There are 2 protein chains.
Amino acid sequence: MTEQNLSDGFSCPLPVSHHEAIMLGHGSGGSMTSELIQRVFHKYFQSDGLEQKNDAANLLMPDHIHRIAMTTDSHIVTPLFFPGGDIGKLAVCGTVNDLLTAGAVPKWLSAAFILEEGLPIAILEKILESMKKCAEEAQVEIVTGDTKVVERGKGDGIFINTTGIGYIAENFQPGGEKARPGDAVILSGTVGNHGMSVLCARGELGIKADISSDAAPLNEMVRNLRPFAPSVHVLRDPTRGGLSTTLNEIANQSQVGIELDEKLIPISKEVNAVCEMLGFDPYTIANEGKMIIIIPDEIKQEALLAVRSSKYGENAAIIGRVFANQSPMVLLRTILGTHRILDSLSGELLPRIC
Amino acid sequence: MTEQNLSDGFSCPLPVSHHEAIMLGHGSGGSMTSELIQRVFHKYFQSDGLEQKNDAANLLMPDHIHRIAMTTDSHIVTPLFFPGGDIGKLAVCGTVNDLLTAGAVPKWLSAAFILEEGLPIAILEKILESMKKCAEEAQVEIVTGDTKVVERGKGDGIFINTTGIGYIAENFQPGGEKARPGDAVILSGTVGNHGMSVLCARGELGIKADISSDAAPLNEMVRNLRPFAPSVHVLRDPTRGGLSTTLNEIANQSQVGIELDEKLIPISKEVNAVCEMLGFDPYTIANEGKMIIIIPDEIKQEALLAVRSSKYGENAAIIGRVFANQSPMVLLRTILGTHRILDSLSGELLPRIC
């Protein structure tokens with residue numbers, strides 16, 4: 001089977017073993033990525049950290065008391081600058097937010113740059129300035145770095161890897177495997193802003209829309225949720241693959257069903273309009289400054305208030321609930337009152353959005 | 001000034017402020033890299049970790065007792081496979097050895113992949129297998145990962161970032177700033193094998209030579225040096241920029257002179273022959289499985305024995321000494337008995353060797 005055939009049919013990907021080569025969909029963060037990890041990477045890499053299947057590994061220090069979180073992300077977004085952010089801001093926020101999902105206090109970041117020969121130094125400086133600003137807001141220090149250069153045409157301007165370390169407190173260790181039937185699902189704001197902002201910035205579709213990326217470090221929001229520990233069962237940021245993919249991951253880890261009420265999911269008019277025009281499902285579009293919070297039903301209102309009073313949380317809403325189900329699934333109760341299944345993103349809708 | 005002018009004159013680089021764009025030499029690990037870091041990156045990133053100027057940051061945990069080391073490297077070597085190693089082995093060894101230079105026991109690695117669309121999955125698997133093997137030997141766990149995909153022509157097969165964490169013991173914290181006049185300099189084996197292996201594997205120069213990369217994790221060697229703590233003043237692996245650049249970094253950090261005796265520096269006949277043929281200085285060629293050890297003169301013979309009895313240390317030698325000098329410098333006493341100054345690598349001799 002040729003790649004052409006495969007990419008034509010990307011909405012129903014074949015097992016990796018049938019692919020001969022890497023396709024863009026393998027980087028989507030959706031089911032093709034997950035399949036590549038399970039069928040290829042998993043053969044070679046096995047560890048407690050990876051087995052946890054969370055965005056950051058929860059690691060026990062040699063004193064058998066302290067724990068740290070570790071997470072890594074390479075950033076390849078194109079274009080490098082877009083309304084509301086740039087690759088530098090993403091590189092810091094992305095890793096900070098992944099540490100936060102483990103309940104960690106983000107502390108140290110590494111920053112490794114792959115620069116393409118010919119990249120104007122003025123562009124590099126603009127990106128570094130943005131990283132500095134975001135690191136200051138997130139109160140993380142960049143403590144170690146690396147710079148590599150590839151020839152023209154062997155890279156794409158700049159790729160940035162950031163890897164982060166944070167401290168984990170004993171009583172605050174949320175994880176995707178901890179959702180329980182009856183729990184409420186809170187989303188910290190509107191969906192789809194980041195992906196749609198990058199898409200519009202590319203200018204390829206001739207769409208002009210006033211959409212800014214939501215890229216932001218969510219330290220304050222998670223700090224405000226700490227008083228609810230250990231009842232904060234899950235924290236997860238719906239980045240690549242969007243709300244649908246992230247909730248499916250959680251449903252699988254916790255072996256539960258998750259039901260969302262469409263009329264409660266915050267979405268901006270602009271994002272909704274562009275998605276409708278292009279036939280995109282906003283629940284599969286990436287976010288870079290949102291958090292999914294899963295907590296017991298009895299404290300949902302208090303937790304919602306805590307999120308709403310946090311920076312970047314003013315549009316938070318309770319969007320659904322966890323229910324017991326034999327097979328993990330995510331159900332959407334539509335505005336019409338019908339139900340539809342929300343699947344993980346399968347192929348690649350929008351390559352290189354982070 | 002155009003880039004053409006600059007790359008013609010790369011042996012005498014201009015200040016970064018005069019460059020308009022990134023050049024290959026900025027990734028050399030030599031003086032152009034150092035200048036880019038000092039004049040550009042340093043403006044935006046400042047932290048205790050970076051100020052240490054060592055290969056790994058030495059970080060104090062919140063209990064104010066425990067310390068960890070953190071280091072990062074992106075790997076962009078071409079070709080992906082060469083005699084003695086491949087990009088996967090390099091990615092693990094490079095980060096493990098950088099942790100070891102901080103005296104740390106390497107523990108956890110992240111692995112982040114930037115794959116080019118079209119990369120055969122069989123190639124990816126071969127690289128993962130090599131990473132697995134090297135991680136097992138180095139007793140590190142890959143605990144978190146990331147996979148991104150770029151379109152054909154926007155990458156070069158595969159780039160790998162590894163970031164590492166290790167534990168640091170209280171009495172074993174070598175650092176580039178700790179060389180003292182009178183100290184002896186030990187090199188753990190022959191110079192130049194890695195760079196020359198990659199160069200020959202490219203086949204561009206029509207040279208056929210039996211040179212294997214020295215890529216290897218040096219855990220056992222550093223473990224065998226622990227009994228000498230805290231007298232192990234400096235550990236540093238002479239990678240990009242080779243022996244000359246690394247010793248110049250140490251001389252600058254410690255504000256000392258370092259004198260080497262050329263006839264004592266181990267070098268294989270093959271590496272020497274290829275370097276002579278091409279007019280390369282073997283002391284600027286990258287190594288990936290070597291350690292520079294700087295220790296007090298009185299224990300140099302014992303330390304040498306410890307290194308020689310370690311895996312990958314059988315050809316170790318005492319190659320020089322540290323002396324007091326007003327300005328930091330590295331002097332080579334040549335085979336003819338004359339002296340010449342060994343400078344840091346300035347431009348880029350061999351791009352993309354790691």
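Modeller: B:Thr246 touches B:Arg236, B:Asp237, B:Pro238, B:Thr239 and B:Ile292, leaving aside residues up to four places away in sequence. Contact here means heavy atoms within 4.5 Å. This is a predicted model: local features need pLDDT of at least 70, side-chain atom pairs count only at pLDDT 80 or more, and totals for chains, interfaces and linings use all residues. Residues are numbered from 1 along each chain as its sequence is written, chains are lettered from A and ligands numbered from 1 in the order in which they are written, and side-chain values use heavy atoms, with hydrogens and water left out.

B:Thr246 sits in helix α8 (residues 242–254) of chain B. Helices (H or I, at least four residues) and strands (E, at least two) are DSSP runs, numbered from the N terminus. B:Thr246 has a relative accessible area of 3%, so it is buried. Buried means under 20% relative accessible area, exposed over 50%, partly exposed in between (1.4 Å probe, protein chains only).

Now take another helix, α4 (residues 87–101) of chain B. Of its 15 residues, 14 are buried, so α4(B) is largely enclosed by the rest of the structure. B:Asp86 caps its N-terminal end, with a side-chain oxygen 2.8 Å from the backbone nitrogen of B:Gly88. Just after α4(B) comes B:Gly103, with a positive phi of about 80 degrees.

Next, the rings. Rings of Phe, Tyr and Trp (its six-membered ring) pair if their centres lie within 6.5 Å; planes under 30 degrees apart count as stacked, over 60 as edge-to-face and the rest as tilted. By this rule there are nine aromatic pairs over all chains. In one of them, A:Trp108 and A:Tyr167 have centres 5.8 Å apart and planes at 85 degrees, so the pair is edge-to-face. A:Trp108 belongs to strand β5 (residues 105–116) of chain A and A:Tyr167 to strand β7 (residues 158–168) of chain A, so the pair ties together parts 59 residues apart in sequence. A:Trp108 is buried, at 4% relative accessibility. A:Tyr167 is buried too, at 17%.

A:Phe159 and B:Phe159 form a tilted pair, 6.4 Å centre to centre, with 50 degrees between the planes. This pair crosses between chains, from strand β7 of chain A to strand β7 (residues 158–168) of chain B. A:Phe159 is buried at 1% relative accessibility, and B:Phe159 is buried at 2%. Ring pairs also link A:Phe41, A:Phe45 and B:Phe113 into a cluster.

Definitions and conventions:
The expected span of a helix is 1.5 Å times one less than its number of residues. A polar contact is a pair of N or O atoms within 3.5 Å; within protein, one must be able to donate a hydrogen and the other to accept it, and residues adjacent in sequence count only if both atoms are side-chain atoms.
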